[in-house]
Amino acid sequence: MDRNALTGLILITILMLVYFQFFAPKPPEQETTSSEPSAEIIEESPIEEEEDVPLQTLIQEDSVQRQAYEDLYGDFFSLIQGEEGKTKISTEKLDLTFNHRGGFLESAYLNEYKTFDSLALAIISPNKESEFSFDFTYQNRRRVINSADIFFSPSTESLPATLSGTDSVELVFRAAVSGDKYIDQVYTIYGDKYDIGYRIEFTGFQNDWASSYYTLNWTSHLPKTELSIRNMRGKSTIFYNQSDEYSSLSISDNPEEEKLRNGFINWVAFKSQFFTSIIDSDDEKGFKTADISMTTPDDEQINRIMRATFTVEA
């Protein structure tokens, strides 16, 4: 695969079809309103997140620490400093929020469904410990760069005022080392679908790759959406397809994990009681390896904590 255009992944936010067909309640009828889907950028001060202040201060005021970060990030040093911000997009099906730090999908709310107590229902919940990132070895293995550490700039000027029906748009988050050297995360969003296409494109890094693989990291804190957390946890686990064979982790409150090594992994799904998030590869070879795990927190507002780490061929 061309290292300048890595296109091995599709991130899919999807509901279980069986649930829709047989169990889903009809969405309550609502009065017709004129609210139109739109994209919005929200700029946030770095001071609002306390963990950002020490880093900015160290870089700006401590020459020793500044040099340490320059050595650690190399060409990407300028990208670890930036303004906190979020981009929001609404469609017929989803309310999406993307974080500029890392350029990742921070939250996804379902527009047609509510929690048991009539609150907005998150299939991807905003949680500081959740993660969707990638990392790669760079410049003869001297550095490991993680996308969660750097700021991406969104291409919001290209978004239409409305996104509905069969409309679709590509939202690009770019981290530019220079004018001809940058990383794009490209999200394809549809007006009337739950699917979200995702790809990573590297431009100008032909001589900088130290490995033919990179790592994709996915951690999700599944929120409580139903009345009984016990019932939710009894129906929540990680499913996966490996070499066209379906399997899953055991449903248990004890920590569960699996290292998938024999055969390519086609997809991994974080299943809650009624709703599921899936990462599905559009490459026929799938992912080379995957480590998956599931834990149950003491916090009963969180269903389960699910993690998956993929090895992806560049």
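**Close-up views of side-chain contacts**

**View 1. Arg 261 and Asp 291 form a salt bridge, with 2.7 Å between the closest N and O atoms.** The bridge joins distant parts of the chain, 30 residues apart: Arg 261 in the loop between β16 (256–260) and β17 (265–271), and Asp 291 in strand β19 (residues 289–295). A salt bridge here is a side-chain nitrogen of Lys or Arg within 4 Å of a carboxyl oxygen of Asp or Glu. Strands (E, at least two residues) are DSSP runs, numbered from the N terminus. The model is predicted: local features need pLDDT of at least 70, and side-chain atom pairs count only at pLDDT 80 or more, while totals for chains, interfaces and linings use all residues. Residues are numbered from 1 along each chain as its sequence is written, and side-chain values use heavy atoms, without hydrogens and water.

**View 2. Asp 208 and Lys 181 meet in a salt bridge (2.8 Å, N to O).** Asp 208 is in the loop between β12 and β13 (213–223) and Lys 181 in strand β11 (residues 181–190), so the bridge ties together parts 27 residues apart in sequence.

**View 3. Phe 134 and Phe 136 form a stacked aromatic pair, 6.4 Å centre to centre with 20° between the planes.** Rings of Phe, Tyr and Trp (its six-membered ring) pair if their centres lie within 6.5 Å; planes under 30 degrees apart are stacked, over 60 edge-to-face, and the rest tilted. Phe 202 and Phe 205 have ring centres 5.9 Å apart and planes at 85°, so this pair is edge-to-face. One aromatic cluster includes Phe 134, Phe 136, Phe 202 and Phe 205.

Note on methods
Helix = DSSP H or I, 4+ residues; strand = E, 2+ residues; numbered from the N terminus.
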